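Welcome to this short tour of a protein chain. Take a moment with the picture and the sequence, and then we will walk through some details together.

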Amino acid sequence: MASALALLAVAGCDTSTASTQRPEPTAAAPTAASVARVCAHPGDGPATAPAGAVTVDPAVPGDLAAKTAKSPPHTTFWLRPGTHRLAADRYAQVIPKEGDTYLGAPGAVLDGRKTNQYAFGGTARDVTLRYLTVRGFVAPHDEGVVNHDSADGWVIEHSVIRDNSGAGLMAGARQRVRANCLRGNGQYGMNAYKSGGRITGLLVEGNEITGNNTGDWEKKRPGCGCTGGVKFWAVDGADVRGNWVHDNRGAGLWADTNNNDFRIERNVLESNDGAALIYETSYNAVIRDNVFRRNNWVEGRGYADRGDTFPFATVYLSESGGEPRVKARTDRIDVYRNTLENNWSGITLWENADRFCNSPANTSSGDCTLLVKKTSRCARPAIASAPLYADCRWKTQRVDIHDNRFVLDKSVVDCTVKCDRMAVLANYGTYPDWSPYKGEGVARAVTLQQHNRWHDNTYVGPWTFVALDPSRVLDFAQWQGAPYQQDAGSTFRAGDGG
């Protein structure tokens, strides 16, 4: 659990090179108001029914679903204090109509009793849910309890969605998720996934997202990539800001497969078992003014103890980069004014040479890049030449990492090796037989040719750097020197930070 939320102030840095001195980058620290301590103080709804609202009685099982079915669209429902229940049928749920609003009185709880799978479903647009606790539902794997069918335009605010199986909530286009406690859910706090379509215009703001993935699904299904605080799939345009994402089993925030145009800013991400942030096979993002603290201690240490040499990092950019041909508010991945303090390693830029559209090694099976509409086009002989040679790959390119502060004290992390790395690398391409990306071509491209740059950062502590492949570990002078030429204008103070 987090303690103080103020940024660690470390005075002064010495450079180990002859590079020009410059002022230290100043991260815009999240304020006490923007760091969302929602679970302890979720806020109270109206103590009396608003004018014109339909009152829902907790003493009548199924009252909420029945009154919703009988009422016209754009009705406001006020749930009295107490524990509300649905019918004792696993599929019993509330099916809102367009524009319906649900308001919980102080102490109003909708309890699935470990019987009902879903709380709110259906395809009605522009539904609002406020000041309600939703708990005890048992959604199946990859499914969600609130907005089960990923309807568009929903607003979920000032609510507590906790202790459910599956995901606490799903997401649709234009969804607003503000000031909620998403806590202790079996798989995700939120699963931003819409079957058969992309999600646009998503806002996730001021939420506390904690203790999710209680089912430890990566152990149940190794390599599923199906866990964490929030998972985003094919979201085009998202603002994720002012959230407190902490103590989740697995990753904190994970954007996976053809996401685009994210702004991830002013969040505090700490004490997540895995990476704080994964941005995978996706495009164009701004990651700024965040605090990353004490992340990846469990998973990073676990891999190291097993002898794995891969630089598992707290911010992991995997086959993701800037692409000007994909419309967004930026044409790069811009990572700046963040503070990373005592995490298991820092930032890794990775590109899997064997992972591309139509490859059997593509874990996002069936998906192609946003530059190629038909997966079948990415095949011999056309894939071996332009434009498909470039466009069939998700590329880690145009990543700009600058004006960040990286602090590491190994006595705090309780490690000696493999917890101190910054990396840009790829594997040696070997698979499949018809792949045009065999050999070290992808490794050289991601390291030297795809405009991935670190510069003007501040390092405090015993950092090392990995380039090209996991075996190539560099000190700061080598990292700054030819051929890598990284971290121009940056400062480095060796020894433990603190």
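Predicted model: local features only at pLDDT ≥ 70, side-chain atom pairs only at ≥ 80, totals over all residues.

## Strands and their partners

Two strands count as paired if DSSP finds at least two bridges between them. In E32, Ala 426 is the bridge partner of Glu 351. Strands E29 and E32 pair in the parallel sense, with 4 bridges between them. E32 is also joined to strand E35 (residues 464-468), by 5 bridges, and these two run parallel as well. Here Leu 425 stands opposite Leu 468 in E35.

How many of the residues of strand E32 are buried? The count is 6 of the 6 residues (421-426), so the strand is largely enclosed by the rest of the structure. In a regular strand, side chains alternate between the two faces of the sheet. Both faces of E32 are covered. Arg 421, Ala 423 and Leu 425 are buried on one side, while Met 422, Val 424 and Ala 426 are buried on the other.

## Cysteines that join up

A disulfide is a covalent bond between the sulfur atoms of two cysteines. Searching the whole structure turns up 5 disulfides. If you number the bonded cysteines of the protein in sequence order, they pair as 1-2, 3-4, 5-6, 7-8, 9-10. Let us visit some of these bonds.

Cys 224 and Cys 226 are bonded, with their sulfur atoms 2.0 Å apart. The torsion about their S-S bond is about -75 degrees, so this disulfide is left-handed. Are the two partners buried or exposed? Cys 224 has 27% relative accessibility and therefore counts as partly exposed, whereas Cys 226, at 4%, counts as buried.

Another disulfide is formed by Cys 378 and Cys 392, whose sulfur atoms are 2.1 Å apart. Its S-S torsion is about -90 degrees, so the disulfide of Cys 378 and Cys 392 is left-handed. This pair links distant parts of the chain, with its two cysteines 14 residues apart. Cys 378 sits in the loop between strand E29 (347-351) and helix H4 (388-391), and Cys 392 sits in the loop between H4 and strand E30 (399-402). Both Cys 378 and Cys 392 are buried.

Cys 415 and Cys 419 are also joined by a disulfide, with an S to S distance of 1.8 Å. Which hand does the disulfide of Cys 415 and Cys 419 have, left or right? The torsion about the S-S bond is about 50 degrees, so this disulfide is right-handed. Cys 415 is buried, and Cys 419 is buried too.

## Charged side chains that meet

Now turn to the charged side chains. The count comes to 30 salt bridges. In one of them, the side chains of Arg 162 and Asp 163 meet at 2.7 Å, N to O. Arg 162 counts as partly exposed because its relative accessibility is 29%. Asp 163 counts as partly exposed too, because its value is 31%.

The side chains of Arg 293 and Glu 341 form another salt bridge, at 3.8 Å from N to O. It links distant parts of the chain: Arg 293 belongs to strand E25 (residues 291-293) and Glu 341 to strand E28 (residues 339-341), 48 residues apart. Arg 293 and Glu 341 are both buried.

Where do the two partners stand, buried or exposed? Glu 323 counts as buried because its relative accessibility is 7%, whereas Arg 325 is exposed, with a relative accessible area of 53%. Elsewhere, salt bridges that share partners join Arg 130, Glu 157, Arg 178, Glu 205, Asp 239, Arg 241, Asp 261 and Arg 329 into one network.

## A threonine and its contacts

Our last stop is Thr 210, found in strand E16 (residues 208-210). Thr 210 has a relative accessible area of 7%, so it is buried. Which residues does Thr 210 touch, not counting residues up to four places away in sequence? They are Cys 39, Leu 182, Arg 183, Gly 184, His 246, Asp 247 and Asn 248.

Terms used: Residues numbered from 1 in each chain as written. Heavy atoms only, no water. Disulfide = S-S within 2.5 Å. Buried < 20%, exposed > 50% of the residue type's maximum accessible area, 1.4 Å probe, protein only. Salt bridge = Lys/Arg side-chain N within 4 Å of Asp/Glu carboxyl O. Contact = heavy atoms within 4.5 Å.
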